[in-house]
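Subject: Structure handover

Hello,

Here is the structure I promised you. Please open it next to this email and follow along.

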Amino acid sequence: MTADYDTLAKTIAALTEGETDPIALMATVTCEVHHADDRFDWTGFYRVTEPGVLKIGPYQGGHGCLVIPFSRGVCGAAARTGEVQLVPDVDAFDGHIACASSTRSELVLPVRDGAGRIIAVFDIDSDQPDAFTQADADALSQILAQVFGRI
Ligand code: SME
């Protein structure tokens with residue numbers, strides 16, 4: 001099963017209507033995205049809890065590392081640069097943090113609030129190599145903007 005992003009965006013919009021609590025929003029987005037696509041083996045948020053530090057937020061899948069500094073990993077790179085990180089082969093990414101040894105590819109998107117501040121990153125890991133496309137990145141970025149632009 002591959003995500004139908006139009007349906008996913010509509011479902012998430014309906015479920016989260018009127019909600020502005022970031023954790024409630026993150027938990028709902030994580031659940032809906034994770035179960036929408038067989039490629040997604042770990043799906044979750046790392047929140048910016050102090051300058052330069054990401055801490056685990058709502059997620060689905062096996063356990064994730066609790067703390068990631070901006071200087072480390074694919075998640076750190078997304079938070080530091082503010083740019084989407086599409087990594088077809090995690091072994092070729094310098095500094096990749098292996099929370100699960102089964103992970104082969106990864107997509108990490110910065111999450112911005114309505115003022116444009118980066119409040120978190122959204123990390124999706126796949127056990128399949130080269131699992132993610134630019135279309136995934138674009139559709140998911142749009143969903144994140146729609147949900148977190150309100151807070
Ligand atoms: N692989 C990520 C760390 C988070 S986990 O995979 C859940 C990274 O390199 O930032």
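How many disulfides does a search of the whole structure find? It finds 1. Keep in mind that this is a predicted model.

The disulfide
Cysteine 65 and cysteine 99 form it, with their sulfur atoms 2.3 Å apart. The pair links distant parts of the chain, 34 residues apart. Cysteine 65 is in the loop between strand S2 (53-60) and strand S3 (67-69). Cysteine 99 is in the loop between strand S4 (85-87) and strand S5 (105-112). The torsion about the S-S bond is about -110°, so this disulfide is left-handed.

The ligand
Where does the ligand sit? It sits in the largest cavity. Cysteine 99 turns up again here, as one of the residues around the ligand. Others in that shell include Trp42, Tyr46, Ile68, Gly73, Cys75, Ile97, Glu106 and Asp123. By class, the shell has 7 nonpolar, 2 polar and 3 charged residues.

Which elements supply at least two residues each? They are strand S1 (42-50), helix H3 (73-81) and strand S6 (118-126). H3 gives the most, with 3 residues.

Polar atoms at the ligand

How much of the ligand's accessible area does the protein cover? On its own, the ligand has 300 Å² of accessible area, and the protein covers 99% of that.

Then go to helix H3, which gives 3 residues to the shell.

Best wishes

Key. Residues numbered from 1 in each chain as written. Predicted model: local features only at pLDDT ≥ 70, side-chain atom pairs only at ≥ 80, totals over all residues. Heavy atoms only, no water. Near = heavy atom within 4 Å. Areas by Shrake-Rupley, 256 points an atom, 1.4 Å probe, with all protein chains shown as cover. 1 Å grid on protein atoms, 1.4 Å probe; cavity = no way out; pocket = protein on both sides within 12 Å on 5 of 7 lines; lining within 4 Å. Sits in = over half its atoms within 2 Å of the grid points. Helix = DSSP H or I, 4+ residues; strand = E, 2+ residues; numbered from the N terminus. Nonpolar A, V, L, I, M, F, W, Y, C, P; charged D, E, K, R; others polar. Disulfide = S-S within 2.5 Å.
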